Amino acid sequence: MRNEIKTSSVMLQTLCVPCGCRCRYCLLSWDGRRLGADYARSEALAKRFYEWISRERPALSFNFSFGYSMEHPQLFRALDFMNSIGSVGGRFLQLDGMALREGRELAALLGGMREHGVEALNLTFYGMEAYHDGFAGRRGDFAYLLNTLRMARELGFEVSTGVPLTRESASQADELVRLLRRYTEVVRLFIPHGEGRGAALEPIRFVREDIGLLSGETVKLLNRELYRTEAEWLAATPPPEKNRALLISLTPENIGRLEQTPFADIIREVERLDEEYYTALPPFAELAAMYGDENGSGFFRLRDLQLKYQRRYIKERGLRLHDVTDERLCGSRRY
């Protein structure tokens, strides 16, 4: 028997801003084409949606965002809007994929962010310079991010960094962590997701044997409650999913209809996509019994391991389902 799922939040997004990178594990599978609806129309819809939720569904969290990167032509205005509706994107920015800047231009950008309410910044480093630039698909990206990190610290931002671990990059982690800690104490190791283009990294997934490539201090930066081997997840009893976060992705094809649709109906529409997807698939315990490897040494977040099993089940049975896990589309995350 499945647990009843409660909708806890709504994220409205438009993928209308380009990204300067072509990362090998891009969540949004950026290929140079912008899939999102016009920003101004999206913002106007977000304002009305926020006002409706505040009035009719105040228990729901609401956020508005844009992508594929933060390289918005009117970024400061966009930050002001997000802060006006309490959206987390007005205070916390992921700076990967922005145009390469240095000197006064970079200082002006960061200073403007600070003036318009941004408090925290996050940057991702895939390895040392040559490896990072190759992984991100852009020469000079490593140097740009390191310079941004240094300058952001000087300006008083809360700065955090993420370092994805793979079999390719693990041998560089100790050196990279030492370098990053010159500028911030917040360095987190993580296992790359399997969503979007991340599925292509499966052959180089970080495994138990690779831990020997890391020093004891570096290993501590990987959250072992969140990231476990497949064998460890199969031996555990994961907590039941009780909540879902809805994602409403605005595109040129759907924005006209959604502008005319009552917000309660929009929420129900995306909830229905979520329910149709998960009703068609067995729960995690059953999928694990079918596909799990009790000796599996690859590290996963539970969501990614579940997604791996779900994809196999869908492929084997030829199911035609709207993929609610594809974050370019309308969908959901359960937790």
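The structure is a predicted model, in which local features need pLDDT of at least 70 and side-chain atom pairs count only at pLDDT 80 or more, while totals for chains, interfaces and linings use all residues. Residues are numbered from 1 along each chain as its sequence is written, and side-chain values use heavy atoms, with hydrogens and water left out. Helices (H or I, at least four residues) and strands (E, at least two) are DSSP runs, numbered from the N terminus.

Helix α2 spans residues 75–84, and its buried residues are Leu75, Ala78, Leu79, Phe81 and Met82. These residues lie on the same side of α2, because they cover an arc of only 160° around the axis. The arc is that of the directions from the helix axis to the C-beta atoms. Buried here means under 20% relative accessible area, exposed means over 50%, and partly exposed is in between (1.4 Å probe, protein chains only). After α2 comes Gly86, which has a positive phi, near 70°.

Tyr39 belongs to helix α1 (residues 39–56). With a relative accessibility of 10%, Tyr39 counts as buried. Contact is defined as heavy atoms within 4.5 Å. Apart from neighbours within four places in sequence, Tyr39 is in contact with Thr14, Cys16, Phe64, Phe66, His72, Arg77, Ala78 and Phe81. Two of these partners, Ala78 and Phe81, are among the buried residues of α2. Tyr39 and Ala78 are 39 residues apart in sequence, and their C-alpha atoms are 9.4 Å apart in space. The side chain of Tyr39 also makes a polar contact with the side chain of Glu43, at 2.8 Å. A polar contact is a pair of N or O atoms within 3.5 Å; within protein, one must be able to donate a hydrogen and the other to accept it, and residues adjacent in sequence count only if both atoms are side-chain atoms.

Thr14, a contact of Tyr39, is part of strand β1 (residues 6–17). Thr14 is buried, and its relative accessible area is 0%. Leaving out neighbours within four places in sequence, the contacts of Thr14 are Gly36, Ala37, Tyr39, Ser42, Phe64, Ser65, Phe66, Gly67 and Leu250. Gly67 is joined to Tyr68 by a cis peptide bond, with omega about 20°, and Tyr68 lies in strand β2. In the loop between β1 and α1 lies Ser29. Ser29 is not a glycine, yet its phi is positive, about 50°. The relative accessible area of Ser29 is 19%, and Ser29 is buried.

The largest nonpolar core has 103 residues, of which Phe49, Met113 and Ile248 touch the most other members. A nonpolar core is a set of buried Ala, Val, Leu, Ile, Met, Phe, Trp, Tyr and Cys residues joined through side-chain atoms within 4.5 Å. Not counting residues up to four places away in sequence, Met113 touches Leu75, Phe76, Leu79, Leu93, Leu95, Met98, Val118, Leu121 and Phe157. Ile248 is in turn touched by Val270, which also touches Leu246, Leu247, Cys330 and Gly331, again without residues up to four places away in sequence. Val270 lies in helix α10 (residues 263–279) and counts as buried at 2% relative accessibility.

Strand β5 (residues 158–164) is mostly covered, with six of its seven residues buried. Two strands pair if DSSP finds at least two bridges between them. Strand β4 (residues 120–124) runs parallel to β5 and is joined to it by five bridges; Asn122 has Ser160 of β5 as its bridge partner. Strand β6 (residues 187–190) also runs parallel to β5, with four bridges between them, and Pro164 is partnered with Phe190 of β6.

A right-handed β-α-β unit is made by β5, helix α6 (residues 173–180) and β6. A crossover is right-handed if, with the strands pointing away from the viewer, the path from the first strand over the helix to the second runs clockwise. Helix α6 is mostly covered, as six of its eight residues are buried: Ala173, Asp174, Leu176, Val177, Leu179 and Leu180. The elements covering them include α5 (141–154), β5, β6 and α7 (216–219).
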